[in-house]
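Keep the viewer open as you read.

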Amino acid sequence: MSSDDLRAVMGKWESDEELMPVRRFPEFQDAGAWSEKAGCALFDQINDRDANSNLPALAITQEHGAIPRTMIEYHVSVTEKSAENYKVVRVGDFIISLRSFQGGIEYARYEGVCSPAYVILRLRDSHVADYFRHYFKTYRFLRILTRNIEGLRDGKMISYKQFSELMLPVPRAKEQQKIAACLSSLDAVIAAEVDRQEALRDHKRGLIRTLFPTLGQTTPSLRFPEFQGVREWQEKLLGEICDVAQGFGFPDRMQGKSSGDYPFCKVSDISRAVNENGGLVDKSTNYVDHADLKLLRAKTIPVGATVFAKIGEALRLNRRAITGVACLIDNNAVALKAKDDETASYFLFSLSQTIDMKNYCSGAIPSVNKSTLESIVVKVPGLAEQTKIAACLHSIDALIAAQRDKIDTLKAHKTGLMQQLFPSPAEVSA
């Protein structure tokens, strides 16, 4: 497909309008219209290989770009023979990573090697890499990419030829630099707020270690003044302080509802709640209605239950979540429901985070069953001390949630700003 043909499919810039963004910095108000250039006029395809390279293997991620696999949970092994064909990536290179409707074009902040399946792009010297790093993450660019590149619905990788025919909006180098500096400074603010959020999480993890007894101890190292000298914590079985509720099978025919009376949470929903919502499960990808409940012969998990995976790698990762709404969980998950009042529920959630499930897993695929969970030995104080500990940790969670909201607001501001700083093509109606 030629560039002219592709532009006809994508929609051209309006012929009676100059190529201009909605918002422009004052010093560029009279700088004239932007140009548009084909991908091949801006980027070269790079296929460097070095069989003797000691460079780290890179993971191509949406969140962090191209980074060493050792920096994230990446478990794909590479044979020495296959590594010989890996492509060398330099700092500042771009990697096409789009498959289906996720991903995009990622930026490399590290030198390394990546799978030969990826297309590596290197920007020509007269342009600003950070400008394109931000532009390639705009919703408009990704929408054009996923709408108009043939084969994406089959999960195929974008070729350099397909990328080379895309027409990209390009201002002069000084304006590229200004836009990049603005958005990068906002990235720095977001990163600082993320660091503050992580510091709060570290603080909470430290509190949990000190507010609960360590192995062989009957009292924690840190105790609230009103409980100093009070009886030692009692040793109990987990099954004595909570009920263990099993999940239910989720037939394919019932899946796919994006709204309904109850979220039907899979392990992926629980993991997402831990990663994105401080462990609070209040939504899911799938929902069911009251009528579905009868067909499934299922009982809902109440608010305040601790839920987690009972099989697979997610179990080994010790991810715990707490339900914020009544919901269902699938049969790969399990719930702990406190036998005391609602305040004890949050104590149970915190207590569960001190249990390392790797010590109780069995089988080639890690798993735990109901009886194993019920027989785990734990130490618990009286209800008044449970309440105090729960209130303390809940207050930290509230600070973490407020910090998360602040980060989301900044990210939304950046998204809105990007929509105004880059021109928008006149797109073909759906």
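Predicted model: local features only at pLDDT ≥ 70, side-chain atom pairs only at ≥ 80, totals over all residues.

Residues are numbered from 1 along each chain as its sequence is written, and side-chain values use heavy atoms, with hydrogens and water left out.

**Ring pairs**
- You'll find 20 aromatic pairs in the structure (Phe, Tyr and Trp rings, the six-membered one for Trp, with centres within 6.5 Å; planes under 30 degrees apart are stacked, over 60 edge-to-face, the rest tilted).
- Phe136 and Phe141 make a tilted pair, 4.9 Å centre to centre with 40 degrees between the planes.
- Both Phe136 and Phe141 are buried (under 20% relative accessible area, using a 1.4 Å probe and protein chains only).
- Phe250 and Phe264 are stacked, at 3.8 Å between centres and 5 degrees between planes.
- Phe250 sits in the loop between strands S12 (242–246) and S13 (262–265), and Phe264 is in S13, so this pair ties together parts 14 residues apart in sequence (strands are DSSP E runs of at least two residues, numbered from the N terminus).
- Phe250 counts as buried at 11% relative accessibility, and Phe264 does too at 0%.

**Cluster**
- One aromatic cluster includes Trp34, Tyr107, Phe136, Phe141 and Phe422.

**Charges over rings**
- Arg133 has its charged end over the Tyr107 ring, 5.8 Å from the centre (the cut-offs are NZ of Lys or CZ of Arg within 6 Å of the ring centre and within 35 degrees of the ring normal).
- Arg320 lies over the face of Phe308, 4.9 Å from the ring centre.

Definitions and conventions:
Buried < 20%, exposed > 50% of the residue type's maximum accessible area, 1.4 Å probe, protein only. Helix = DSSP H or I, 4+ residues; strand = E, 2+ residues; numbered from the N terminus.
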